[in-house]
Amino acid sequence: MPSAQELPSLIGTEVGVSRWIEIDQARIDAFAKLTEDEQFIHVDPDMAKHTPFGGTIAHGFLTLSLGSAMSYDAVKPVDGVVMGVNYGFDRLRFLAPVKAGKRVRGRFVLKNAENKGSDGGVTRWLLTHEMTVEIEGEPKPALIADWLSMQMVRQEG
């Protein structure tokens, strides 16, 4: 685990790569039902085979939502972290579809680490990670995003 003081020295470095996660049709169908986005391109293999994709594809937001699991796999928590919260995205681009049956993984680079001040023995660090979600065997990633998180780190001493 890096210390908060080490964060600035890690800017620009790859901090981790997650395991591969399969995006099968059952996962796509479950996501479609939960989000009420049951467009045929996601849930109807017979109709989807007649599209340029040749079959069903995952929702972009499904792929993005796996970022949390990927992050838990790949990014070591800051030493003394009390909690972290999702702070949003500065940039997000969906670059290639994820076809049903493919596997994806996340690659994380620390882009910025900003000390946002302290209160009550906790320092708030705003971290920006570039998250690239790769598709196994494909030349283009599914997405690239600048993902912000606020990490509350217990002060030493």
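The structure is a predicted model, in which local features need pLDDT of at least 70, side-chain atom pairs count only at pLDDT 80 or more, and totals for chains, interfaces and linings use all residues. Residues are numbered from 1 along each chain as its sequence is written, and side-chain values use heavy atoms, with hydrogens and water left out.

**Figure 1. Overview of the protein and its elements.** The protein has 6 helices and 6 strands; these are DSSP runs numbered from the N terminus, helices being H or I with at least four residues and strands E with at least two. Their order from the N terminus is α-β-β-α-α-α-α-α-β-β-β-β. The C-alpha trace spans about 60 × 30 × 25 Å along its principal axes. Of the 157 residues, 37% count as buried (buried means under 20% relative accessible area, exposed over 50%, partly exposed in between, with a 1.4 Å probe and protein chains only). Contacts (heavy atoms within 4.5 Å) between residues at least 6 apart in sequence join, in 72% of cases, residues at least 24 apart.

**Figure 2. The buried residues of helix H6.** Helix H6 covers residues 67–74, and its residues Gly67, Met70, Ser71 and Ala74 are buried. Seen down the axis of H6, the buried residues fall within an arc of 100 degrees, so they line one face of the helix; the arc is that of the directions from the helix axis to the C-beta atoms. Their cover includes helix H5 (60–65) and the strands S1 (14–17), S2 (21–23), S4 (102–119), S5 (122–135) and S6 (143–154).

**Figure 3. Surroundings of Ile28.** Ile28 is part of helix H2, residues 25–35. This residue counts as buried because its relative accessibility is 0%. Leaving aside residues up to four places away in sequence, Ile28 touches Ile23, His42, Ile57, Ala58, His59, Leu62 and Ala100. Lys49 is 21 residues from Ile28 along the chain, and 16 Å separates their C-alpha atoms.

**Figure 4. Val85 in strand S3.** Which strand holds Val85? Val85 sits in S3, residues 81–94. Val85 counts as partly exposed because its relative accessibility is 33%.
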